[in-house]
Amino acid sequence: VSSEAHRGMPLMPRSSPKFNITKLPPEERDYHPYRNYALSKLGNILYSRELHRRMEHNGIISVSLHPGVIRTSLGQNNTQLERVFSLFSPFLKTPAQGAATSVFCCVGPVQAAAYYSDCAPKQPSTDATNRSFAALLFRLTAHLIGVETDEGEPEAPTPGGGWMNDDESNECLLCDAPFTFTRRRHHCRNCGQLVCAACSRNRTPLPGYISWEVRVCDPCALHCLSTFSSTPGE
């Protein structure tokens, strides 16, 4: 069970680099209620998509959903939130209405790995459909809970793993969006893959480059963060 709140926080926010999917669990000094709630709901969708990828050969389907904003006692310990709920109470769903999408996804015909809202498929955010993000989150989760998993394990980003020629792909290798005049192709300076600007928003220092920070794809940026910022307190 996810939420539309997943759209409120990108996985790799350049303006707030402390809030990203590699900071699991977040340190108290970096904790922000809304940002971490949004990240957790984004993580729900990513985990569901990766779980389906790993288990579909067994006939197992995984989906995620937004139940809606429901009239419950959720804000009873938060005065500000409780006031907002009281103000919009006539427009909120009842608990039964809020359960409808969850029940539908359990018993109805659903699209594998899809995101649902109001008992119908809905397009989630771009980050929520990033396959590399989903695979990395799965590995990080398994590491945190002490579980080893080899099934369906994707390869980690490989530094200098092979510079692709411009004509080797007509679409982004991360989000599958076609390259156009306005959606240009870019090379990740770490793995050499062809990606779009939306999937390579971050820059990081890499060995061998005179420039202090160079463009890298989002999975490589996350890989660098998890590698170089894993020491507690750093």
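## Overall architecture

Helices, as H or I runs of at least four residues, and strands, as E runs of at least two, are taken here from DSSP and numbered from the N terminus. On that basis the secondary structure of the protein chain comes to 5 helices and 7 strands, and from the N terminus on these elements follow one another as α-β-α-α-β-β-α-β-β-β-β-α. The model is a predicted one.

Of the 234 residues of the protein chain, 39% count as buried. Among the contacts in the protein chain with a separation of 6 or more, 59% are accounted for by residues 24 or more positions apart.

## Aromatic pairs

A pair of aromatic rings is described by the distance of the centres and the angle of the planes. The structure holds 2 aromatic pairs. In the pair formed by Y47 and F138, the ring centres are 5.2 Å apart and the planes stand at 10 degrees, so this pair is stacked. The pair links distant parts of the chain, since Y47 belongs to helix α1 (residues 33-55) and F138 to helix α4 (residues 131-144), 91 residues apart. Y47 counts as partly exposed at 33% relative accessibility, whereas F138, at 11%, counts as buried.

The other pair consists of F104 and Y116, whose ring centres are 6.0 Å apart and whose planes stand at 50 degrees, so the pair is tilted. Here too distant parts of the chain are linked, with F104 in helix α3 (residues 95-107) and Y116 in strand β2 (residues 115-117), 12 residues apart. F104 counts as partly exposed at 25% relative accessibility, while Y116 is buried, with a relative accessible area of 2%.

Just after α4, G146 takes a positive phi of about 75 degrees.

## The three-stranded sheet

An open sheet is formed by 3 strands in the order β1-β2-β3, with mixed pairing. The strands β1 (64-66) and β3 (120-121) stand at the edges, each with a single partner strand, so one side of each is left without a neighbour in the sheet. The pairing of β2 with β3 is antiparallel and runs over 2 bridges; the bridge partner of Y116 in β3 is P121.

The loop between β2 and β3 contains C119. The phi of C119 is near 60 degrees, a positive value in a residue other than glycine, and at 31% relative accessibility C119 counts as partly exposed.

In soluble globular proteins, nonpolar side chains tend to be buried together. In this model the largest nonpolar core has 16 residues, of which C172 and C217 touch the most other members. The elements that give two or more residues to this core are β5 (194-195), β7 (214-216) and α5 (218-228). Leaving aside its neighbours within four places in sequence, C217 is in contact with L174, C188, C191, V195, C199 and S200.

A second, separate core comprises 8 residues, including I45, Y115, F133 and A134.

## Loop residues

The loop between α4 and β4 (186-187) holds S169, and D176 has its place in the loop between α4 and β4 as well. S169 is buried, with a relative accessible area of 8%, and, leaving aside its neighbours within four places in sequence, S169 is in contact with M164, F179, R185 and L194. D176, by contrast, counts as partly exposed at 38% relative accessibility, and has a positive phi of about 70 degrees although it is not a glycine.

G68 lies in the loop between β1 and α2 (79-88) and, at 16% relative accessibility, counts as buried. The C-alpha atoms of G68 and P95 are separated by 9.8 Å, the two residues being 27 residues apart along the chain.

Key:
Residues numbered from 1 in each chain as written. Predicted model: local features only at pLDDT ≥ 70, side-chain atom pairs only at ≥ 80, totals over all residues. Heavy atoms only, no water. Phe/Tyr/Trp six-rings, centres within 6.5 Å; stacked < 30°, edge-to-face > 60°. Buried < 20%, exposed > 50% of the residue type's maximum accessible area, 1.4 Å probe, protein only. Pairing = 2+ DSSP bridges. Core = buried A, V, L, I, M, F, W, Y, C linked by side-chain atoms within 4.5 Å. Contact = heavy atoms within 4.5 Å.
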